[in-house]
Amino acid sequence: MDTPMTRTVSKNSTLLCLLMISLLSISSVSFAQSALQLSAQGSALRPGPQSKKQQNLVITSSQQAASLAQSRFGGKVLRVQSTSSGYRVKLLSSDGVVFYANVNAQSGSVSRN
């Protein structure tokens, strides 16, 4: 039966489907743009200059920086942050003192604050 009511419901269903497809398309584009922005930000978070010099880094990961700082000063690693020149490692000494060590990514040198 094709009544005015069924035609209205059919039109509304079609419009609803089109609206949902449009929203999905928009969210897909937004998701792709967000992913690209995060990717670009991720490359900016790497230590040291973003050029061919980066291949000459002695310390290339936060795990290496944490291990180096811990072997040099002892204690427990609490946190590792990337900086423009390398890494900042937060440590807890065996006597309960919190301190920081800076690890230079290019030279591998470690200093305590």
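**The sheet, the helix across it, and the rings**

A hairpin of three residues leads from β1 to β2.

These strands belong to an open sheet of four, in the order β1-β2-β3-β4, with antiparallel pairing. Strands β1 and β4 each have a single partner strand, so one side of each is left without a neighbour in the sheet. From one strand to the next, the twist averages 25°.

At the other end of that order, strand β3, residues 98-104, is joined to β4 by three bridges, again antiparallel. Here Ala101 has Arg112 as its bridge partner in β4.

Helix α2, residues 62-73, lies across β1, β2, β3 and β4, and runs at about 50° to β2.

I turn now to the aromatic residues. How many aromatic pairs does the structure hold? There is one. Phe73 and Phe99 form this pair, edge-to-face, at 6.2 Å centre to centre and with 85° between the planes. The pair links distant parts of the chain, since Phe73 is in helix α2 and Phe99 is in strand β3, 26 residues apart.

Arg112 is placed over the face of Phe99, 3.7 Å from the ring centre. The charged end of Arg88 sits over the ring of Tyr100, 3.7 Å from its centre.

Ser111, in strand β4, brings several of these residues together. Beyond its neighbours within four places in sequence, Ser111 is in contact with Phe73, Tyr100, Ala101 and Asn102. Its C-alpha atom is separated by 9.7 Å from that of Arg88, 23 residues away along the chain. Ser111 is partly exposed, with a relative accessible area of 36%.

Finally, a word on confidence. The mean pLDDT of the chain is 77, and 53% of its residues reach 70 or more. Confidence is highest in β2, at 98, and lowest in helix α1, residues 4-44, at a mean of 56. Where pLDDT is low, the predicted coordinates should not be read in detail.

Conventions: Residues numbered from 1 in each chain as written. Predicted model: local features only at pLDDT ≥ 70, side-chain atom pairs only at ≥ 80, totals over all residues. Heavy atoms only, no water. Pairing = 2+ DSSP bridges. Helix = DSSP H or I, 4+ residues; strand = E, 2+ residues; numbered from the N terminus. Axes fitted to C-alpha atoms, helices over the stretch in contact; angles between N-to-C directions. Contact = heavy atoms within 4.5 Å. Buried < 20%, exposed > 50% of the residue type's maximum accessible area, 1.4 Å probe, protein only. pLDDT = per-residue confidence, 0-100. Phe/Tyr/Trp six-rings, centres within 6.5 Å; stacked < 30°, edge-to-face > 60°. Lys NZ or Arg CZ within 6 Å of the ring centre and 35° of its normal.
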